[in-house]
Amino acid sequence: TIKATATDAAGNTSAEGTRSVTIDTTPPSAPVINSVASDNIVNANEKNAGVTVTGTAEAGSQVTVTWGSTTKTVTAAGGSWSASFTSNEIPADGSYEIKATATDAAGNTSAEGTRSVTIDTTPPTASVLITGAEDNVGTTTGNVLDGGTTDDNTLKLSGNITGTLGAGEVVVIYDGTTRLGEASVTGNSWTFTTLGLSNGLHSFTARVEDAAGNQGSPSSPYNVTVDAIVPTATASITGANDNEPAITGNIANGGLTNDNTPELFGNITGTLASGDVVVIYDGATRLGKADVSGNTWSFTPSTKLSEGAHSFRAVVENSAGNQSAPSAAYNLTVDTIAEQPTFYLASDTGSSNSDWVTSNGLVYVSGLETGATWEYSTDGGINWNNGSGNSFTLTQGSYAAGSVRVRQTDVAGNTSPVSQNST
(Lines give C-alpha, C1' and ligand atoms only; values in the text may rest on other atoms or scores of the structure.)
Protein backbone atom coordinates (compact mmCIF):
# COMPACT_ATOMS: atom_id res chain seq x y z
CA THR A 1 0.00 0.00 0.00
CA ILE A 2 1.31 3.45 -0.97
CA LYS A 3 0.41 6.11 1.66
CA ALA A 4 0.44 9.90 1.31
CA THR A 5 -0.34 12.85 3.60
CA ALA A 6 -0.44 16.58 2.89
CA THR A 7 0.85 19.29 5.29
CA ASP A 8 -0.26 22.90 4.71
CA ALA A 9 1.64 26.12 5.46
CA ALA A 10 0.20 26.24 8.97
CA GLY A 11 1.58 22.80 9.71
CA ASN A 12 -1.74 20.95 9.62
CA THR A 13 -1.39 17.37 8.29
CA SER A 14 -4.14 15.60 6.41
CA ALA A 15 -5.43 12.09 6.83
CA GLU A 16 -3.65 9.45 4.79
CA GLY A 17 -4.55 8.78 1.21
CA THR A 18 -3.77 5.20 0.15
CA ARG A 19 -3.41 3.19 -3.02
CA SER A 20 -3.06 -0.59 -3.10
CA VAL A 21 -0.45 -1.68 -5.64
CA THR A 22 0.58 -5.19 -6.66
CA ILE A 23 4.17 -5.72 -7.69
CA ASP A 24 4.49 -8.66 -10.07
CA THR A 25 7.81 -9.13 -11.83
CA THR A 26 7.59 -12.92 -12.27
CA PRO A 27 6.95 -14.06 -15.83
CA PRO A 28 4.48 -16.88 -16.46
CA SER A 29 5.73 -20.36 -17.29
CA ALA A 30 6.34 -20.97 -20.98
CA PRO A 31 3.17 -22.16 -22.74
CA VAL A 32 2.82 -25.84 -23.58
CA ILE A 33 1.93 -26.56 -27.22
CA ASN A 34 0.06 -29.83 -27.72
CA SER A 35 0.75 -32.22 -30.59
CA VAL A 36 -0.32 -30.69 -33.91
CA ALA A 37 -2.52 -32.68 -36.32
CA SER A 38 -2.10 -35.62 -33.86
CA ASP A 39 1.37 -36.58 -35.14
CA ASN A 40 3.11 -33.20 -35.71
CA ILE A 41 2.95 -33.83 -39.46
CA VAL A 42 0.50 -31.84 -41.57
CA ASN A 43 -0.52 -33.48 -44.85
CA ALA A 44 -2.35 -32.00 -47.84
CA ASN A 45 -5.87 -32.77 -46.58
CA GLU A 46 -5.10 -31.39 -43.13
CA LYS A 47 -3.57 -28.23 -44.57
CA ASN A 48 -6.50 -27.65 -46.91
CA ALA A 49 -8.92 -27.94 -43.99
CA GLY A 50 -6.85 -25.62 -41.76
CA VAL A 51 -5.14 -26.59 -38.50
CA THR A 52 -5.98 -25.57 -34.94
CA VAL A 53 -3.01 -25.38 -32.57
CA THR A 54 -3.90 -25.92 -28.89
CA GLY A 55 -2.08 -25.82 -25.59
CA THR A 56 -1.99 -24.63 -22.00
CA ALA A 57 -0.66 -21.50 -20.30
CA GLU A 58 -1.22 -19.36 -17.20
CA ALA A 59 -4.97 -18.83 -16.84
CA GLY A 60 -6.07 -15.50 -18.28
CA SER A 61 -2.75 -14.75 -19.95
CA GLN A 62 -2.47 -13.53 -23.53
CA VAL A 63 -0.76 -16.18 -25.64
CA THR A 64 1.08 -15.10 -28.78
CA VAL A 65 1.43 -17.99 -31.24
CA THR A 66 3.70 -17.77 -34.29
CA TRP A 67 3.81 -20.29 -37.13
CA GLY A 68 5.92 -19.25 -40.08
CA SER A 69 5.07 -15.64 -40.89
CA THR A 70 1.65 -15.68 -39.17
CA THR A 71 1.14 -14.61 -35.55
CA LYS A 72 -2.06 -15.00 -33.55
CA THR A 73 -2.86 -13.69 -30.07
CA VAL A 74 -5.43 -15.57 -28.02
CA THR A 75 -6.52 -15.77 -24.39
CA ALA A 76 -5.75 -18.78 -22.20
CA ALA A 77 -9.23 -18.91 -20.69
CA GLY A 78 -9.12 -21.32 -17.76
CA GLY A 79 -5.54 -22.16 -18.65
CA SER A 80 -6.28 -23.56 -22.13
CA TRP A 81 -5.89 -21.84 -25.48
CA SER A 82 -6.34 -22.53 -29.19
CA ALA A 83 -5.30 -20.68 -32.34
CA SER A 84 -6.66 -21.58 -35.77
CA PHE A 85 -4.55 -21.25 -38.91
CA THR A 86 -6.13 -21.31 -42.36
CA SER A 87 -4.58 -23.10 -45.31
CA ASN A 88 -3.08 -19.83 -46.57
CA GLU A 89 -1.55 -19.11 -43.17
CA ILE A 90 0.16 -22.52 -42.85
CA PRO A 91 3.72 -22.41 -44.26
CA ALA A 92 4.92 -24.25 -47.36
CA ASP A 93 6.34 -27.78 -47.14
CA GLY A 94 9.23 -28.07 -44.70
CA SER A 95 10.06 -28.31 -41.01
CA TYR A 96 9.09 -25.45 -38.69
CA GLU A 97 8.89 -24.53 -35.03
CA ILE A 98 5.62 -23.19 -33.72
CA LYS A 99 6.46 -20.72 -30.95
CA ALA A 100 4.27 -19.38 -28.17
CA THR A 101 4.75 -16.91 -25.33
CA ALA A 102 2.37 -15.94 -22.55
CA THR A 103 1.97 -12.41 -21.19
CA ASP A 104 0.25 -11.99 -17.83
CA ALA A 105 -1.91 -9.12 -16.60
CA ALA A 106 1.14 -7.30 -15.23
CA GLY A 107 2.82 -7.38 -18.63
CA ASN A 108 5.42 -10.02 -17.81
CA THR A 109 6.20 -12.24 -20.79
CA SER A 110 7.26 -15.88 -20.50
CA ALA A 111 10.01 -17.76 -22.24
CA GLU A 112 9.00 -19.40 -25.53
CA GLY A 113 7.27 -22.74 -25.69
CA THR A 114 7.94 -24.57 -28.95
CA ARG A 115 6.63 -27.48 -31.02
CA SER A 116 8.43 -28.86 -34.08
CA VAL A 117 6.05 -29.55 -36.97
CA THR A 118 6.61 -30.87 -40.48
CA ILE A 119 4.47 -29.75 -43.43
CA ASP A 120 4.31 -32.40 -46.17
CA THR A 121 1.66 -32.00 -48.86
CA THR A 122 3.47 -33.81 -51.70
CA PRO A 123 1.78 -37.07 -52.80
CA PRO A 124 3.78 -40.23 -53.49
CA THR A 125 5.03 -40.74 -57.07
CA ALA A 126 4.87 -44.56 -57.13
CA SER A 127 1.63 -46.19 -58.32
CA VAL A 128 0.05 -49.62 -57.78
CA LEU A 129 -2.11 -52.15 -59.60
CA ILE A 130 -4.24 -55.05 -58.39
CA THR A 131 -3.47 -58.06 -60.56
CA GLY A 132 -5.26 -60.89 -58.79
CA ALA A 133 -7.39 -62.30 -55.97
CA GLU A 134 -6.60 -65.81 -54.73
CA ASP A 135 -9.41 -68.20 -53.67
CA ASN A 136 -8.34 -70.94 -51.24
CA VAL A 137 -11.78 -72.33 -50.32
CA GLY A 138 -13.85 -75.19 -51.79
CA THR A 139 -13.29 -77.34 -54.84
CA THR A 140 -12.58 -74.43 -57.20
CA THR A 141 -9.50 -72.53 -56.09
CA GLY A 142 -6.96 -70.23 -57.65
CA ASN A 143 -7.17 -66.73 -59.08
CA VAL A 144 -10.56 -65.00 -59.23
CA LEU A 145 -10.73 -62.81 -62.30
CA ASP A 146 -11.76 -59.16 -62.12
CA GLY A 147 -15.57 -59.30 -62.24
CA GLY A 148 -15.65 -62.93 -61.05
CA THR A 149 -17.39 -64.75 -58.19
CA THR A 150 -15.83 -66.62 -55.27
CA ASP A 151 -16.88 -68.73 -52.28
CA ASP A 152 -13.83 -67.46 -50.31
CA ASN A 153 -14.45 -64.42 -48.11
CA THR A 154 -10.80 -64.12 -47.06
CA LEU A 155 -9.31 -63.36 -50.46
CA LYS A 156 -5.59 -62.86 -50.89
CA LEU A 157 -5.24 -59.78 -53.11
CA SER A 158 -1.96 -59.17 -54.94
CA GLY A 159 -0.45 -56.65 -57.28
CA ASN A 160 2.52 -54.69 -58.57
CA ILE A 161 4.20 -51.39 -57.75
CA THR A 162 5.41 -49.08 -60.50
CA GLY A 163 8.25 -46.88 -59.31
CA THR A 164 9.97 -47.01 -55.94
CA LEU A 165 8.36 -46.56 -52.55
CA GLY A 166 9.92 -43.71 -50.60
CA ALA A 167 10.91 -43.94 -46.94
CA GLY A 168 7.79 -44.48 -44.83
CA GLU A 169 5.52 -45.12 -47.81
CA VAL A 170 3.07 -48.05 -47.73
CA VAL A 171 0.48 -49.67 -49.99
CA VAL A 172 -3.05 -49.34 -48.60
CA ILE A 173 -6.10 -51.33 -49.72
CA TYR A 174 -9.68 -50.08 -49.92
CA ASP A 175 -13.01 -51.85 -50.43
CA GLY A 176 -15.09 -49.05 -51.91
CA THR A 177 -14.51 -46.18 -49.48
CA THR A 178 -13.59 -48.48 -46.57
CA ARG A 179 -9.90 -48.65 -45.74
CA LEU A 180 -9.01 -52.31 -45.14
CA GLY A 181 -5.36 -51.93 -44.14
CA GLU A 182 -1.75 -51.95 -45.29
CA ALA A 183 -0.39 -54.57 -47.68
CA SER A 184 2.79 -56.60 -47.21
CA VAL A 185 5.41 -55.43 -49.72
CA THR A 186 8.28 -57.43 -51.20
CA GLY A 187 10.31 -55.64 -53.86
CA ASN A 188 7.85 -54.33 -56.46
CA SER A 189 4.98 -56.65 -55.50
CA TRP A 190 2.47 -56.68 -52.66
CA THR A 191 -0.16 -58.96 -51.06
CA PHE A 192 -3.07 -58.39 -48.72
CA THR A 193 -5.49 -60.91 -47.19
CA THR A 194 -8.94 -59.58 -46.34
CA LEU A 195 -10.86 -60.33 -43.18
CA GLY A 196 -14.32 -61.88 -43.47
CA LEU A 197 -16.02 -60.16 -46.40
CA SER A 198 -19.79 -59.94 -46.54
CA ASN A 199 -21.59 -61.73 -49.35
CA GLY A 200 -22.08 -59.44 -52.33
CA LEU A 201 -20.05 -57.21 -54.65
CA HIS A 202 -16.71 -55.79 -53.48
CA SER A 203 -14.72 -53.18 -55.39
CA PHE A 204 -11.07 -53.19 -54.31
CA THR A 205 -8.54 -50.43 -55.02
CA ALA A 206 -4.95 -49.89 -53.94
CA ARG A 207 -2.87 -46.74 -53.56
CA VAL A 208 0.45 -45.59 -52.13
CA GLU A 209 0.37 -43.56 -48.91
CA ASP A 210 3.28 -41.65 -47.35
CA ALA A 211 4.11 -41.14 -43.67
CA ALA A 212 2.22 -37.83 -43.63
CA GLY A 213 -0.97 -39.49 -44.93
CA ASN A 214 -0.78 -38.14 -48.49
CA GLN A 215 -2.01 -40.66 -51.06
CA GLY A 216 -1.22 -41.29 -54.69
CA SER A 217 -3.87 -42.00 -57.31
CA PRO A 218 -5.98 -45.12 -56.69
CA SER A 219 -5.59 -48.15 -58.90
CA SER A 220 -8.32 -49.28 -61.25
CA PRO A 221 -10.98 -51.16 -59.25
CA TYR A 222 -10.82 -54.96 -59.05
CA ASN A 223 -14.37 -56.24 -58.62
CA VAL A 224 -15.24 -59.58 -56.99
CA THR A 225 -18.59 -60.97 -55.88
CA VAL A 226 -18.44 -63.07 -52.71
CA ASP A 227 -20.92 -65.94 -52.33
CA ALA A 228 -19.64 -67.91 -49.34
CA ILE A 229 -20.89 -70.20 -46.60
CA VAL A 230 -19.79 -68.37 -43.46
CA PRO A 231 -19.98 -69.09 -39.73
CA THR A 232 -23.22 -68.06 -38.07
CA ALA A 233 -21.53 -67.19 -34.77
CA THR A 234 -19.71 -63.87 -34.33
CA ALA A 235 -17.12 -62.63 -31.85
CA SER A 236 -16.74 -59.29 -30.09
CA ILE A 237 -13.89 -57.73 -28.12
CA THR A 238 -15.01 -56.37 -24.76
CA GLY A 239 -11.75 -55.49 -23.06
CA ALA A 240 -7.99 -55.73 -22.69
CA ASN A 241 -6.05 -56.35 -19.49
CA ASP A 242 -2.81 -54.50 -18.70
CA ASN A 243 -0.66 -56.60 -16.38
CA GLU A 244 2.39 -54.33 -16.39
CA PRO A 245 2.86 -51.96 -13.40
CA ALA A 246 2.41 -49.19 -12.49
CA ILE A 247 -1.09 -48.93 -13.98
CA THR A 248 -2.84 -52.29 -14.33
CA GLY A 249 -6.33 -53.50 -15.11
CA ASN A 250 -8.69 -53.01 -18.03
CA ILE A 251 -7.61 -50.71 -20.85
CA ALA A 252 -10.53 -48.86 -22.41
CA ASN A 253 -10.99 -48.92 -26.18
CA GLY A 254 -8.76 -46.14 -27.52
CA GLY A 255 -6.56 -46.19 -24.41
CA LEU A 256 -2.85 -46.33 -23.69
CA THR A 257 -0.92 -49.22 -22.20
CA ASN A 258 2.66 -49.95 -21.21
CA ASP A 259 1.96 -53.69 -21.51
CA ASN A 260 3.15 -54.93 -24.91
CA THR A 261 1.43 -58.30 -24.44
CA PRO A 262 -2.02 -57.24 -23.18
CA GLU A 263 -4.65 -59.94 -22.68
CA LEU A 264 -7.61 -59.41 -25.02
CA PHE A 265 -10.98 -60.94 -24.17
CA GLY A 266 -14.53 -60.95 -25.42
CA ASN A 267 -17.79 -62.75 -26.10
CA ILE A 268 -19.20 -65.10 -28.72
CA THR A 269 -22.74 -64.53 -30.01
CA GLY A 270 -24.34 -67.73 -31.26
CA THR A 271 -22.82 -71.19 -31.10
CA LEU A 272 -19.52 -72.24 -32.62
CA ALA A 273 -19.96 -75.10 -35.09
CA SER A 274 -17.59 -78.04 -35.17
CA GLY A 275 -14.25 -76.75 -36.43
CA ASP A 276 -15.05 -73.06 -35.79
CA VAL A 277 -12.36 -71.03 -34.02
CA VAL A 278 -11.97 -67.41 -32.87
CA VAL A 279 -9.09 -65.67 -34.64
CA ILE A 280 -7.55 -62.35 -33.57
CA TYR A 281 -6.11 -59.78 -35.98
CA ASP A 282 -4.02 -56.65 -35.46
CA GLY A 283 -4.91 -54.60 -38.50
CA ALA A 284 -4.30 -57.01 -41.40
CA THR A 285 -1.89 -59.18 -39.36
CA ARG A 286 -3.25 -62.48 -38.10
CA LEU A 287 -2.06 -62.90 -34.50
CA GLY A 288 -3.49 -66.32 -33.73
CA LYS A 289 -6.38 -68.32 -32.30
CA ALA A 290 -8.04 -67.42 -29.01
CA ASP A 291 -8.74 -69.74 -26.09
CA VAL A 292 -12.50 -70.38 -25.91
CA SER A 293 -14.52 -71.22 -22.81
CA GLY A 294 -18.27 -71.40 -23.35
CA ASN A 295 -19.34 -68.13 -24.92
CA THR A 296 -16.22 -66.20 -23.90
CA TRP A 297 -12.69 -66.12 -25.26
CA SER A 298 -9.27 -64.71 -24.32
CA PHE A 299 -6.03 -64.14 -26.19
CA THR A 300 -2.53 -62.99 -25.19
CA PRO A 301 -0.07 -62.16 -28.00
CA SER A 302 2.88 -64.55 -28.09
CA THR A 303 5.10 -61.84 -29.61
CA LYS A 304 5.54 -58.39 -28.06
CA LEU A 305 3.55 -55.68 -29.80
CA SER A 306 5.46 -52.80 -31.34
CA GLU A 307 5.30 -49.27 -29.96
CA GLY A 308 2.38 -47.29 -31.35
CA ALA A 309 -1.22 -47.77 -32.42
CA HIS A 310 -2.84 -51.20 -32.77
CA SER A 311 -6.33 -52.01 -34.03
CA PHE A 312 -7.60 -55.43 -32.97
CA ARG A 313 -10.52 -57.37 -34.44
CA ALA A 314 -11.95 -60.81 -33.69
CA VAL A 315 -13.56 -63.15 -36.23
CA VAL A 316 -15.05 -66.61 -36.16
CA GLU A 317 -13.42 -68.82 -38.78
CA ASN A 318 -14.76 -72.17 -40.03
CA SER A 319 -12.77 -75.21 -41.11
CA ALA A 320 -12.93 -74.10 -44.77
CA GLY A 321 -11.25 -70.81 -43.87
CA ASN A 322 -14.28 -68.56 -44.33
CA GLN A 323 -14.90 -66.00 -41.63
CA SER A 324 -17.77 -64.21 -39.95
CA ALA A 325 -18.00 -60.47 -40.18
CA PRO A 326 -15.18 -59.01 -38.07
CA SER A 327 -15.87 -57.42 -34.71
CA ALA A 328 -15.72 -53.69 -34.19
CA ALA A 329 -12.14 -52.53 -33.81
CA TYR A 330 -10.65 -52.37 -30.30
CA ASN A 331 -7.89 -49.79 -30.50
CA LEU A 332 -4.92 -49.55 -28.15
CA THR A 333 -1.69 -47.59 -28.22
CA VAL A 334 1.34 -49.36 -26.81
CA ASP A 335 3.65 -46.93 -25.05
CA THR A 336 6.42 -48.46 -22.98
CA ILE A 337 8.77 -45.47 -23.01
CA ALA A 338 8.47 -42.10 -21.27
CA GLU A 339 10.66 -39.38 -22.73
CA GLN A 340 13.42 -38.03 -20.50
CA PRO A 341 12.58 -34.42 -19.61
CA THR A 342 15.22 -31.70 -19.44
CA PHE A 343 15.47 -28.57 -17.31
CA TYR A 344 17.26 -25.25 -17.50
CA LEU A 345 17.56 -22.00 -15.57
CA ALA A 346 15.15 -19.29 -16.60
CA SER A 347 18.08 -16.86 -16.34
CA ASP A 348 21.70 -17.83 -15.79
CA THR A 349 23.08 -14.57 -14.40
CA GLY A 350 26.58 -15.81 -13.55
CA SER A 351 29.81 -14.98 -15.34
CA SER A 352 28.67 -17.09 -18.30
CA ASN A 353 25.25 -18.17 -19.47
CA SER A 354 26.02 -21.83 -18.79
CA ASP A 355 27.75 -21.89 -15.41
CA TRP A 356 24.55 -22.56 -13.43
CA VAL A 357 25.19 -19.54 -11.19
CA THR A 358 22.17 -17.30 -10.89
CA SER A 359 20.33 -14.81 -8.75
CA ASN A 360 17.01 -16.16 -10.12
CA GLY A 361 16.04 -19.63 -8.86
CA LEU A 362 13.30 -20.21 -11.47
CA VAL A 363 13.88 -23.45 -13.39
CA TYR A 364 11.96 -24.43 -16.54
CA VAL A 365 11.22 -28.06 -17.41
CA SER A 366 10.85 -29.09 -21.06
CA GLY A 367 10.04 -32.32 -22.87
CA LEU A 368 6.95 -33.02 -20.76
CA GLU A 369 4.50 -35.35 -22.48
CA THR A 370 0.84 -34.35 -22.74
CA GLY A 371 -1.03 -35.56 -19.65
CA ALA A 372 2.13 -36.66 -17.83
CA THR A 373 2.86 -35.94 -14.18
CA TRP A 374 6.33 -34.89 -13.15
CA GLU A 375 8.49 -34.55 -10.05
CA TYR A 376 11.67 -32.80 -9.05
CA SER A 377 14.21 -33.44 -6.32
CA THR A 378 16.81 -31.11 -4.81
CA ASP A 379 18.58 -33.70 -2.66
CA GLY A 380 19.78 -36.22 -5.22
CA GLY A 381 16.50 -38.16 -5.43
CA ILE A 382 16.02 -38.90 -1.73
CA ASN A 383 12.84 -36.83 -1.65
CA TRP A 384 10.63 -35.92 -4.59
CA ASN A 385 8.24 -32.99 -4.98
CA ASN A 386 5.23 -32.95 -7.30
CA GLY A 387 5.75 -30.54 -10.19
CA SER A 388 3.15 -28.12 -11.52
CA GLY A 389 2.97 -26.41 -14.88
CA ASN A 390 6.45 -26.51 -16.38
CA SER A 391 8.65 -24.83 -13.77
CA PHE A 392 9.85 -24.92 -10.17
CA THR A 393 11.92 -22.58 -8.02
CA LEU A 394 15.15 -23.40 -6.22
CA THR A 395 15.79 -21.77 -2.86
CA GLN A 396 19.04 -19.88 -2.35
CA GLY A 397 22.02 -22.15 -1.86
CA SER A 398 24.56 -24.36 -3.58
CA TYR A 399 23.47 -27.55 -5.35
CA ALA A 400 26.10 -30.20 -6.04
CA ALA A 401 26.16 -32.08 -9.33
CA GLY A 402 23.32 -34.63 -9.41
CA SER A 403 21.38 -33.07 -6.56
CA VAL A 404 18.72 -31.42 -8.76
CA ARG A 405 16.73 -34.06 -10.62
CA VAL A 406 13.58 -34.24 -12.75
CA ARG A 407 11.52 -37.18 -13.97
CA GLN A 408 8.05 -37.70 -15.46
CA THR A 409 5.44 -40.45 -15.52
CA ASP A 410 3.36 -40.58 -18.69
CA VAL A 411 -0.33 -41.44 -18.96
CA ALA A 412 0.54 -45.06 -19.78
CA GLY A 413 2.32 -45.39 -16.42
CA ASN A 414 5.92 -45.32 -17.69
CA THR A 415 8.48 -43.43 -15.59
CA SER A 416 11.19 -41.68 -17.58
CA PRO A 417 14.93 -41.72 -17.01
CA VAL A 418 16.02 -39.04 -14.56
CA SER A 419 17.62 -35.81 -15.73
CA GLN A 420 20.06 -34.16 -13.32
CA ASN A 421 22.34 -31.15 -13.09
CA SER A 422 25.92 -31.81 -14.13
CA THR A 423 27.49 -28.82 -12.35
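Trainee: Why is Phe392 called buried?
Mentor: Keep in mind that this is a predicted model. Phe392 has 4% relative accessibility, and buried means under 20%, so Phe392 counts as buried.

Trainee: What makes Tyr376 and Phe392 a stacked pair?
Mentor: The ring centres of Tyr376 and Phe392 are 4.1 Å apart and the planes meet at 10°. Pairing needs centres within 6.5 Å, and stacked needs planes under 30 degrees apart, so this pair is stacked. Tyr376 sits in strand 33 and Phe392 in strand 35, so the pair ties together parts 16 residues apart in sequence. Both Tyr376 and Phe392 are buried.

Trainee: Why is the pair of Trp374 and Phe392 called tilted?
Mentor: Here the centres are 6.2 Å apart, with 50° between the planes. Stacked is under 30 degrees, edge-to-face is over 60, and the rest is tilted, so an angle between those limits is called tilted. Trp374 belongs to strand 33 (residues 373-377) and Phe392 to strand 35 (residues 391-393), and they are 18 residues apart. Ring pairs join Trp374, Tyr376 and Phe392 into a cluster, and the structure holds 5 aromatic pairs.

Trainee: How do you know that Arg207 lies over the face of Tyr174?
Mentor: Arg207 is 4.0 Å from the ring centre of Tyr174. The distance must be within 6 Å, and the direction within 35 degrees of the ring normal. Arg207 is listed as lying over the face. Lys72 does likewise over Phe85, at 5.6 Å from the ring centre.

Trainee: What makes strand 17 an edge strand?
Mentor: Strand 17 (184-186) pairs on one side only, as does strand 12 (142-143). They belong to an open sheet of 5 strands in the order 12-11-14-18-17, with antiparallel pairing.

Trainee: How do you know that strand 17 pairs with strand 18?
Mentor: 3 bridges join strand 17 to strand 18 (residues 189-193), and pairing takes at least two, so they count as paired.

Trainee: Which residues have the most contacts inside the largest nonpolar core?
Mentor: Val171, Ile173 and Trp190, in a core of 21 residues. Val171 touches Trp190, Ala206 and Arg207, among others.

Terms used: Residues are numbered from 1 along each chain as its sequence is written. This is a predicted model: local features need pLDDT of at least 70, side-chain atom pairs count only at pLDDT 80 or more; totals for chains, interfaces and linings use all residues. Side-chain values use heavy atoms; hydrogens and water are left out. Helices (H or I, at least four residues) and strands (E, at least two) are DSSP runs, numbered from the N terminus. Rings of Phe, Tyr and Trp (its six-membered ring) pair if their centres lie within 6.5 Å; planes under 30 degrees apart count as stacked, over 60 as edge-to-face and the rest as tilted. Buried means under 20% relative accessible area, exposed over 50%, partly exposed in between (1.4 Å probe, protein chains only). A nonpolar core is a set of buried Ala, Val, Leu, Ile, Met, Phe, Trp, Tyr and Cys residues joined through side-chain atoms within 4.5 Å. Contact means heavy atoms within 4.5 Å. Lists of a residue's contacts leave out its neighbours within four places in sequence.
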